[in-house]
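Subject: Structure handover

Hello,

I am handing over the structure we spoke about, with notes on what was found in it. The notes follow the model itself.

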Protein chains: 2
Amino acid sequence: MPREIDRRAARTRKALHQALLTLMLRKGYEALSVQDIIDEADVGRSTFYAHYTGKEDLLRSGFQMLRDELKDPRSAGAAAAGGSHDDPLGFSAAMFEHAARYADHYRTMIGGRGGAVTENEIRLILSEMVRQEMPPTLYGDAIPRDFVVQFIVGAFLTTLNWWFERKPGLLPSEVDAMFRGMVLDGLSPLIGDQPR
Amino acid sequence: MPREIDRRAARTRKALHQALLTLMLRKGYEALSVQDIIDEADVGRSTFYAHYTGKEDLLRSGFQMLRDELKDPRSAGAAAAGGSHDDPLGFSAAMFEHAARYADHYRTMIGGRGGAVTENEIRLILSEMVRQEMPPTLYGDAIPRDFVVQFIVGAFLTTLNWWFERKPGLLPSEVDAMFRGMVLDGLSPLIGDQPR
DNA sequence: ATGATAATGGACAGTTTGTTCGGGATTGCG
DNA sequence: CGCAATCCCGAACAAACTGTCCATTATCAT
């Protein structure tokens, strides 16, 4: 009883996901039509709608697969999932390295080019990573953990975007150092520090 | 020789901008069609295309007007434009207050609901504000000013979004305190602070 | 008043979207 | 192997949206 996979269906879905990725690299997400996708994937129109309700559904399903894969312990991608719990930014260095290697893909996903859905999905994935690495106790209950997580994720994406747009020549380690400096100690080391 | 304004054209444009704002509040930007806009504005189809190339053009033009207005010294909105130069986050308190008062509008613009163009335009406006308030000298040239500006803007938008989504009950002053705390001093006051 | 400018409504071809259908191909399983 | 279940295909469809054109009417500036 193969619970769910017909090879044909699996091939079709893989072809569609592949086509989506290819076309996003080429034209960006917003500019894509379902027509483009099924042409690229060489799949019938009705077949597409038999699997997904539209291009957004296809995109979401792709991220769902990615998230499942990251969650899977026996996956290679779970390298940083050790949850060291002593460095709340433990993920950053590896992520910047990864981003440098797959710059094209990151560029299409980050900074608006990927659309609102993509941005949101990426935030969810990163939030999960950051949450696992964050120490369970924070001095002073004035700042909710949840806010801290969002703050870190936002800062990371900002850094990534700035890197790609303004200083693509920098090394991952240099960018990581800037990121960690800003997030850990904030602005005060950089300015006169009078006001507070 | 009135250099550019025919009253009819002005009325048409105003109606279109008004319609766009109304519909964005109701349905969000992405879901809008040009058809919706001209119906709401009660303007002929050909008239629309005589003024703008599409809905994105209309949106951009709206932000252009806003930016000009903010730049204008005799405008009321230029209250914080004094460029105090001693507090790099001087803008924040007033902005959080403003956001609380016009929460509906902010919600439609922030957090994906406004589309990539809106997000980008808002970043441009905020970047300009932050840049003006930032001291011209930073200790250590390791961190580019430009990066700091983006970092602050990103943190502000993250904070705003978190506020709306998770804790809409908080007071502007409370949110501002959290924002300033995180941006000025970073994470280290909150954690064990061993690693560095 | 009058020439210039703008708005109108309608029509147009070209896309895109979702849906439906019957015929044909592949698959899983006995 | 053989066969029924499942999936894919191609075509066609109505509906909606997009830009662009034009002839006509209304409004403007002076």
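Which element gives the largest share of the surface near DNA strand C? That share, 4 residues, comes from H3(B).

Some conventions before the rest. This is a predicted model, in which local features need pLDDT of at least 70 and side-chain atom pairs count only at pLDDT 80 or more, while totals for chains, interfaces and linings use all residues. Residues are numbered from 1 along each chain as its sequence is written, and chains are lettered from A and ligands numbered from 1 in the order in which they are written. Helices (H or I, at least four residues) and strands (E, at least two) are DSSP runs, numbered from the N terminus.

DNA strands

DNA strand C is surrounded by 22 residues, the closest being A:Val34, A:Ser46, B:Thr12, B:Gly44 and B:Ser46. A residue counts as near a molecule or strand if its C-beta atom, placed from the backbone, lies within 6 Å of it. On chain A, two or more residues each come from helix H1 (7–27), helix H2 (34–41) and helix H3 (45–51); on chain B, the elements that do so are helix H1 (7–27) and helix H3 (45–51). By class, the surface near DNA strand C has 7 nonpolar, 8 polar and 7 charged residues. Here Ala, Val, Leu, Ile, Met, Phe, Trp, Tyr, Cys and Pro count as nonpolar, Asp, Glu, Lys and Arg as charged, and the others, Gly among them, as polar.

DNA strand D also has 22 residues around it, and the closest are A:Thr12, A:Gly44, A:Ser46, B:Val34 and B:Ser46. The elements that give two or more residues to this surface are H1 and H3 of chain A, together with H1, helix H2 (34–41) and H3 of chain B. H3(A) gives the most, with 4 residues. The surface near DNA strand D has 7 nonpolar, 8 polar and 7 charged residues.

The two protein copies

In the interface, 37 residues of chain B are in contact with 36 residues of chain A, where contact means that the C-beta atoms of two residues, placed from the backbone, lie within 7 Å. On the chain B side, two or more residues each come from helix H7 (115–133), helix H8 (145–166) and helix H9 (172–185). H8(B) supplies the largest share, 10 residues. The chain B side divides into 20 nonpolar, 11 polar and 6 charged residues. Of the interface residues of chain B, 97% are also interface residues in chain A, so the copies meet through the same surface.

Helix packing

Axes are lines fitted to C-alpha atoms, for helices over the stretch in contact, and angles run from 0 to 180 degrees between N-to-C directions. Angles under 35 degrees count as roughly parallel, over 145 as roughly antiparallel, 65 to 115 as roughly perpendicular and the rest as oblique.

The axes of H1(A) and H4(A) come within 10 Å and cross at roughly 100°, so these helices are roughly perpendicular to each other. A:Leu16, A:His17 and A:Leu20 in H1(A) meet A:Leu58, A:Leu59 and A:Gly62 in H4(A). This contact has 4 nonpolar, 2 polar and no charged residues.

Helix H4 (residues 55–71) and helix H7 (residues 115–133) of chain A pack at an angle of about 15°, with their axes 10 Å apart. H4(A) and H7(A) are therefore roughly parallel to each other. H4(A) contributes A:Glu56, A:Leu59, A:Arg60, A:Phe63, A:Arg67 and A:Leu70 to the contact, and H7(A) contributes A:Val117, A:Thr118, A:Glu121 and A:Ile125. By class, there are 5 nonpolar, 1 polar and 4 charged residues in it.

Regards
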